[in-house]
Amino acid sequence: MTGGGVQAGGTAELQRELRATGLTGSVLRGLAAAAVARLDGVADLAVPSWAAEVTTRLDAGALEDGDLPALVRVLATTGQHRLLARSGVRYPAYALTDDVAGARVGPPGPRLPVRPRAAGSFEVLGRRVGFPIGVPACPMTGTAAWVQYLAGNGFNLLTYKTVRSREHAANAFPNWAFVPGAREPFGPGAPPVVHAEPSDWVTPGDPAVTSTNSFGVPSPDPAVWTEDVAAAVRCLAEDQLLLVSVMGEDDGDGTAQLQAIADDFARTALLAEAAGAPVVELNLSCPNTLGSGGGVRPPICLDPELTTAIVETTRRALSSTTGLVAKLSWLDGPALAGLVPRIAPHLDGIAAINTVQCAVQRADGSPTFPGRPLAGVSGVAVRDLALEFTARLLQLRATGGHRFDVLAMGGVTDPASAAALLELGAAGVQTATGAFADPFLARACVEELA
């Protein structure tokens, strides 16, 4: 089930679990108030109305099936993930109440008992894989434990979250939020101002889901991530594929040096290759802090000279058996048409698109993520942009006689949106917001599309 409907028996099962653990409505109300206060950064510990209503009915023993979405929201917001997992209901894969360090401990679930598998296999980047849906580099792919979790739920094309040649801290908490008001794709022109509170919610499984995030590009020290990448490679089945996303930077002294950045990309790619990565993805798509001096710069792919240097330098450094993919953000027609012929001969694949950068604000006009007025938006809001970009990319491949695969993403939140990109000619699709909001999305795609 991919819509926002009620899972039969879910409310009754949760009610039994709550009784067994002694979690009363009054306890949950207090926990919900504290969680929302922390998320939204407010001192007021008033119980939110959505928590008060359902927990009052819980205390009265009057819960009905229609209460399941609100009850799941209360339990997920208050960190009751083990209880939710035991009940078998669907809830978001990533805990919005976790900071980056907390999320690295491991996924809160939910988990399918058996990995969904399609008959036959598909060719992606010269490898045979199961049904070609996966998760791009994002907060859910930053450890081997997360990779193993997603693989078990049927996601077969997994990109390990961007790593770097030195440790980098994440942006301050909060980092990820739902955008309940963005239920349709952005129209033409500049993206609108997006409104979201960190404590906002979209019912798990609702295909009209949009989210926004501001993590920066954090990375553990290479001694940590190389060992973990090796573990992530080992945990996958033969018909599953791990890409490792890498990013380079300059030395932070003065103006950014083109070759210094390209060399650091290559150096980091070699570390990933040595850890066992069969495919390296060059993160050219995130707004970047390129050097230790700080300051966010535009996505690298907007600079064709730097992008070409990075691709060529990294391709020369890697073994010919290691795949190489470039990850791009949305580019206009002339920019993409000018870039593809320069980098395509050196690549096995191009992945696109990344999140779309927007002004993201709370109801009072302040930034949703304090101190960061701009943030990335993904999900249904960017679906039309992703479809249009994928079509242009495939047309450039055809007219130029290039041979790279396309890994398409942006707005994949249900089987129909995955099918739309595959039918255009993408070799595979990936989804971050979709997999976050519906951890069982890969199963639905296998059942409906394979």
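This is a predicted model: local features need pLDDT of at least 70, side-chain atom pairs count only at pLDDT 80 or more; totals for chains, interfaces and linings use all residues.
Eight strands make a closed barrel in the order E3-E4-E8-E9-E10-E11-E14-E15, and the pairing is parallel. On average, neighbouring strands in this sheet are turned by 25 degrees against each other, direction ignored.

Now to the helices on these strands. H9 lies across E4, E8 and E9, and runs at about 150 degrees to E8. Elsewhere, helix H12, residues 383-400, lies across strand E11 (349-352) and strand E14 (405-409), at about 175 degrees to E14.

Let me stay with H9. Does its length agree with expectation, or disagree? With 17 residues at 1.5 Å a residue, H9 should span 24 Å, and the end C-alpha atoms are 25 Å apart, which agrees. After H9 comes Gly 276, with a positive phi near 110 degrees.

Which residues of H9 are buried? They are Ile 261, Ala 262, Asp 264, Phe 265, Ala 266, Thr 268, Ala 269, Ala 272 and Glu 273. The cover over them includes strands E4 (157-163), E8 (241-246) and E9 (279-283), along with helices H8 (222-235) and H10.

Next, the packing of H9 on H10. In general, two packed helices are described by the angle between their axes and the distance between the axes. Here, H9 (residues 258-274) and H10 (residues 304-317) pack at about 40 degrees, with axes 8 Å apart. The crossing of H9 past H10 is right-handed. On the H9 side the contact includes Leu 258, Ile 261, Phe 265 and Leu 270, and on the H10 side it includes Leu 306, Ala 309, Ile 310 and Thr 313. By class, this contact has eleven nonpolar, three polar and two charged residues.

Last, the other sheet. Five strands form an open sheet, ordered E5-E7-E13-E12-E6, with mixed pairing. Strand E5 (176-178) and strand E6 (194-195) are at the edges with a single partner strand each, so one side of each has no neighbour in the sheet. Within this sheet, E12 (residues 356-361) and E13 (residues 374-379) run antiparallel and are joined by four bridges. What stands opposite Ala 359 in E13? The residue there is Leu 374.

Technical notes:
Residues are numbered from 1 along each chain as its sequence is written. Side-chain values use heavy atoms; hydrogens and water are left out. Axes are lines fitted to C-alpha atoms, for helices over the stretch in contact, and angles run from 0 to 180 degrees between N-to-C directions. Helices (H or I, at least four residues) and strands (E, at least two) are DSSP runs, numbered from the N terminus. A crossing is left-handed if the near helix is turned anticlockwise from the far one by less than a right angle, and right-handed if clockwise. Contact means heavy atoms within 4.5 Å. Ala, Val, Leu, Ile, Met, Phe, Trp, Tyr, Cys and Pro count as nonpolar, Asp, Glu, Lys and Arg as charged, and the others, Gly among them, as polar. The expected span of a helix is 1.5 Å times one less than its number of residues. Buried means under 20% relative accessible area, exposed over 50%, partly exposed in between (1.4 Å probe, protein chains only). Two strands pair if DSSP finds at least two bridges between them.
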